[in-house]
Amino acid sequence: MSPRVTGATAVRVLRQIRHDPRTIALLLIVPAVLLLLLYWVFEGEKQVFQEIGAPLCGLFPFIIMFLVTSISMLRERTTGTLERLMTLPLGKIDILAGYGLAFGLLATIQAVIVVVLGFGILGLESAHGAWLVGLLAIGNALLGMALGLFVSAFARTEFQAVQFMPALIFPQLILCGLFVPRDQMAGFLEAISWALPLTYAYDALARTTSPKPLDMAFTADVLVIVGTTLAALALGALTLRRRTG
Amino acid sequence: MSPVADPQAPEVPGSAISVRDLVVDRGGREILHGVSLRVAAGSVTGLLGPSGCGKSTLMRSIVGVQIIAGGTVEVLGSEAGSKGLRSRVGYVTQAPSVYGDLSIGENLRYFAAITGASAEKVRQIVGAVGLDGMEDRIVGSLSGGQRSRVSLASALLGDPDVLILDEPTVGLDPVLRAELWKIFHGLAAAGTTLLVSSHVMDEAGECDELLLMRDGALLAQMSPDQLRADTGESDLGKAFLVKIERAEGS
């Protein structure tokens, strides 16, 4: 790994996004607009908005970074730039870390906006600090990025990559406990939910925004998020092949 | 062609690229059927043959990005694709592999950061490929020929000892073609080994040595003069046809 090459890769990824102001606007504004929509829909039902809106603040970055990364990585694969990079003196870790830095920075800005709006303006409450929701949001964004990078290897076209969102992310959202507590689900659904990374991302956020003290279960959630991110990055590295058929 | 000792690469006297019995399968079909060849250091070698004859697959094997089914490919004395070669072998794919959503300058500065090329080197290369004053143009908005020159410039940044160029002059106007060939000859004179593919014969005369390919096999390896003498044809395109007829007749 070379800090110079990692840094240059991060700068390059950010420059690509900078040339696309509409994507930046979508990245930064859409989560805030969705949160506002929820706020209006649940006007007068403060408790429901709290239960759904508060954790969602930390889940938006996961969903969006998954989508953005899977598309950008797919482009690197299909336009031949990834093959060129693989012939150059740069490590796979430089590519992964470069993407991580660039999207981590974007995720941070995204998280700050949505957390300030939700917890500062719309009256969401986090017993353990809105900053912790923000930190989890950034961690979840990196998890989404790592998963997006990995699954991009299984898409040939951008159409396919976009479909990974309803195919892989929506089921996780439905089963993570956000809409129905998991212990109220059918047994096999709860069993499946234990195997899905978003379950732990949601659980950590739900614990952060509830007044109960943070215990070992919260620590376990965070460890699973970090572990899954690293595992997905390692799997993603395996899909960056120096030699192909 | 006589083996020329290259003072810049003393560990590989004579040949910079050496391919032996190379077999490549792609999608369940055998694309290359046991190709053997040597490319002299500090020369311009043309890889010629019709579209689909396996030129790109051979080049990918030499760069080391192609999974091979048999044989050996050595570049500068090391196995193709080995780590030490990544800073010594430059590769320009047929489709320009640069970032379409970045400017020319941003593309080149990124590849310069990877290869350790200086800002001065970037300026020099931009001028050499005729893109002066266009650094701020977005690559996606360029013409095909301009885009392929950005791709070429990216590969030149690292001062590679071996340059593999897959159809670098396709779609370029004659003036630009001539300019690119001037660059290629200049690089070879400075000791760089170039392997340049083309599916048209009109550039064959620019090369020191020719590799004639057809249907995944090498028909002949000789200099343009040898090809003319061997076939009695002064036109290299016609000479290639004679070679093909002879190969099919035998």
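How many helices and how many strands does chain A have? Chain A has 10 helices and 0 strands, where helices (H or I, at least four residues) and strands (E, at least two) are DSSP runs numbered from the N terminus.

**A few notes before the views.** This is a predicted model, in which local features need pLDDT of at least 70 and side-chain atom pairs count only at pLDDT 80 or more, while totals for chains, interfaces and linings use all residues. Residues are numbered from 1 along each chain as its sequence is written, and chains are lettered from A and ligands numbered from 1 in the order in which they are written.

**View 1. Chain A, the whole chain.** Read along the sequence, the pattern of chain A is α-α-α-α-α-α-α-α-α-α. The C-alpha trace of chain A spans about 55 × 40 × 35 Å along its principal axes. Its radius of gyration is 18 Å, in agreement with the value near 18 Å for a compact globule of 245 residues. That radius is taken over C-alpha atoms, and the globule rule is 2.2 Å times the number of residues to the power 0.38.

**View 2. Helix 5 against helix 6 in chain A.** Here helix 5 (residues 92–121) of chain A meets helix 6 (residues 130–151) of chain A, with axes that come within 8 Å and cross at roughly 140°. Axes are lines fitted to C-alpha atoms, for helices over the stretch in contact, and angles run from 0 to 180 degrees between N-to-C directions. Helix 5 of chain A and helix 6 of chain A are therefore oblique to each other; angles under 35 degrees count as roughly parallel, over 145 as roughly antiparallel, 65 to 115 as roughly perpendicular and the rest as oblique. On the helix 5 side of chain A, look for residues including A:Tyr99, A:Phe103, A:Ala107 and A:Phe119. Among their partners in helix 6 of chain A are A:Val133, A:Ile138, A:Leu142 and A:Met145. Residues are in contact if their C-beta atoms, placed from the backbone, lie within 7 Å. By class, the contact of helix 5 of chain A with helix 6 of chain A has 15 nonpolar, 4 polar and no charged residues. Ala, Val, Leu, Ile, Met, Phe, Trp, Tyr, Cys and Pro count as nonpolar, Asp, Glu, Lys and Arg as charged, and the others, Gly among them, as polar.

**View 3. Helix 3 against helix 6 in chain A.** Helix 3 (residues 46–78) of chain A packs on helix 6 of chain A at an angle of about 25°, their axes 7 Å apart. The two are therefore roughly parallel to each other. Helix 3 of chain A and helix 6 of chain A make a right-handed crossing. Their contact divides into 19 nonpolar, 6 polar and no charged residues.

**View 4. Helix 2 against helix 4 in chain B.** Chain B has 7 helices and 10 strands. Helix 2 of chain B and helix 4 (residues 144–156) of chain B pack at about 25°, with their axes 9 Å apart. That makes helix 2 of chain B roughly parallel to helix 4 of chain B. B:Ile104, B:Asn107, B:Leu108 and B:Phe111 in helix 2 of chain B meet B:Val150, B:Ala153 and B:Ser154 in helix 4 of chain B.

**View 5. Where the chains touch.** The predictor gives the complex an ipTM of 0.89 and a pTM of 0.89. In the model, 24 residues of chain B are in contact with 22 residues of chain A. Helix 2 (residues 104–115) of chain B gives the most to the side of chain B that touches chain A, with 5 residues.

View 6. Where pLDDT is low, the predicted coordinates should not be read in detail. Chain B averages a pLDDT of 90.

Conventions:
Contact = placed C-beta atoms within 7 Å. pLDDT = per-residue confidence, 0-100. Left-handed = near helix turned anticlockwise from the far one by under 90°.
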